[in-house]
Amino acid sequence: MLKFGPFSLSRLEVEVDETWIGGRVAHMHKSKKPQKAEGEANKTIVMGFKECEGEVRTKVIKETSRYTLHSEVLRNVEQGAPVFTDTHPGYRKLQLEYVH
């Protein structure tokens, strides 16, 4: 069952990460290759949330800007919960709302 809103147990640790999903342009059939394949143009960005010993949530996002990443963390993790991320610059200043 899909759940929305913040994780129910506010003080559990939550790991947050983002990734690009999609095949390499070099491996695509000629008829499927995009006209301009620069960077991640043919990829889908997926953000994931994993509660310590709990549920996992994923969401497709359009970009990895600080605004987008912070908005999704605020939407999915209760303020004050311990949050673990990688060193992506978009996660900077999460410590203002979370244990980061």
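**The core and what surrounds it**

Modeller: The largest nonpolar core has 14 residues, and Val16, Met47, Phe49, Val73 and Val77 touch the most other members. Keep in mind that this is a predicted model.

Colleague: Which elements give two or more residues to this core?

Modeller: Strand S1 (14-21), strand S2 (44-51) and H1 do. S2 gives the most, with 3 residues.

Colleague: Let me step back. How many helices and strands are there in the protein?

Modeller: There are 1 helix and 4 strands. From the N terminus on, they run β-β-β-α-β.

Colleague: And what order do the strands take in the sheet?

Modeller: The order is S3-S2-S1-S4. The sheet is open and its pairing is mixed.

Colleague: Which are the edge strands?

Modeller: S3 and strand S4 (83-84) are the edges. Each of them pairs on one side only.

Colleague: How do S1 and S4 run, parallel or antiparallel?

Modeller: They run parallel, and 2 bridges join them.

Colleague: New topic. How many salt bridges are there?

Modeller: The count comes to 3 salt bridges. Side chains of opposite charge can pair when their charged atoms come close.

Colleague: Which residue does Glu55 pair with?

Modeller: Glu55 pairs with Arg57. Their closest N and O atoms are 3.0 Å apart.

Colleague: Is Arg57 buried or exposed?

Modeller: Arg57 is buried, at 9% relative accessible area.

Colleague: Where do Glu72 and Lys59 lie?

Modeller: Glu72 lies in helix H1 (residues 66-76), and Lys59 in strand S3 (residues 56-61). So the pair ties together parts that are 13 residues apart in sequence.

Colleague: And how far apart are the closest N and O atoms of Glu72 and Arg75?

Modeller: They are 2.6 Å apart, and this pair is a salt bridge too. Glu72 and Arg75 are 3 residues apart in helix H1, so about one helical turn separates them.

Colleague: Is Glu72 buried or exposed?

Modeller: Glu72 is buried, with a relative accessible area of 6%. Lys59 is partly exposed, at 35%. Arg75 is partly exposed as well, at 46%.

Colleague: Staying with the helix, where is Ser71?

Modeller: Ser71 is in helix H1. Its relative accessibility is 17%, so it counts as buried, the cut-off being under 20%.

Colleague: Which backbone oxygen lies 2.7 Å from a polar atom of the Ser71 side chain?

Modeller: The one of Tyr67.

Colleague: Is Glu53 buried or exposed?

Modeller: Exposed, at 80% relative accessibility.

Colleague: And what does the phi of Lys93 look like?

Modeller: Lys93 has a positive phi of about 75 degrees, and it is not a glycine either. Lys93 lies in the segment after S4.

Colleague: Now the whole chain. What share of the residues counts as buried?

Modeller: Of the 100 residues, 29% count as buried.

Colleague: What does the accessible surface come to?

Modeller: About 7,200 Å². Carbon and sulfur atoms account for 54% of that surface.

Colleague: Last one. Among contacts between residues at least 6 apart in sequence, what share joins residues at least 24 apart?

Modeller: That share is 53%.

Definitions and conventions. Residues numbered from 1 in each chain as written. Predicted model: local features only at pLDDT ≥ 70, side-chain atom pairs only at ≥ 80, totals over all residues. Heavy atoms only, no water. Salt bridge = Lys/Arg side-chain N within 4 Å of Asp/Glu carboxyl O. Buried < 20%, exposed > 50% of the residue type's maximum accessible area, 1.4 Å probe, protein only. Core = buried A, V, L, I, M, F, W, Y, C linked by side-chain atoms within 4.5 Å. Polar contact = N/O pair within 3.5 Å; in protein donor to acceptor, adjacent residues only side chain to side chain. Pairing = 2+ DSSP bridges. Contact = heavy atoms within 4.5 Å. Areas by Shrake-Rupley, 256 points an atom, 1.4 Å probe, with all protein chains shown as cover.
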